[in-house]
Amino acid sequence: MDKVIVYHGSNVVVPEPKIMINGHYKDFGYGFYCTNIKKQAKRWALTKRGESIVNIYSSQKAKIFSEMTEEWLQFVVDCRRGIEHNYDIVEGPMADDQIWDYVEDYMAGNIKKSAFWELVKFKYPTHQIVFCTEQSL
């Protein structure tokens, strides 16, 4: 297996990542979020107070979404509703703030799935990797 480099943007050095369970659900459920796009990790780090640090790790893969698909959409909807999954690592496109608005509209029944796909068709690609279990870290 090839070595994969991933990045985590923060305001601190994170030598031993931990699974953080907080009060709100994310795209791929609870976990330690990373990306394979260094520039994106830098942007994440800039959203934190204090120093901006990009932590670098090597990883393995488990569930990979190479693009936004029907399966990806359902997975994000399930995770955002708090439905847990059994993957150690999940990788794929990120529902940024604008895409998340479209996901919420779809979940609420305000737009149809076909409208969702039209709205996200030309959005800038993003990427995230989440480590969902301590074992995967």
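Buried means under 20% relative accessible area, exposed over 50%, and partly exposed in between, with a 1.4 Å probe and protein chains only. By that cut-off, 41% of the 137 residues of the protein count as buried.

Ground rules next. This is a predicted model, where local features need pLDDT of at least 70, side-chain atom pairs count only at pLDDT 80 or more, and totals for chains, interfaces and linings use all residues. Residues are numbered from 1 along each chain as its sequence is written, and side-chain values use heavy atoms, leaving out hydrogens and water.

Now the fold. There are four helices and six strands, taken as DSSP runs numbered from the N terminus (H or I, at least four residues; E, at least two). The order from the N terminus is β-β-α-β-β-α-β-α-α-β. The C-alpha trace spans about 45 × 30 × 30 Å along its principal axes.

On to the rings. Rings of Phe, Tyr and Trp (its six-membered ring) pair if their centres lie within 6.5 Å; planes under 30 degrees apart are stacked, over 60 edge-to-face, the rest tilted. That rule gives eight aromatic pairs. Take Phe32 and Phe131: centres 6.5 Å apart, planes at 50°, so tilted. Phe32 sits in strand 2 (residues 32-34) and Phe131 in strand 6 (residues 128-131), so the pair ties together parts 99 residues apart in sequence. Phe32 is buried at 6% relative accessibility. Phe131 is buried too, at 4%.

And which residues form one aromatic cluster? Phe28, Phe65, Phe75 and Tyr87.
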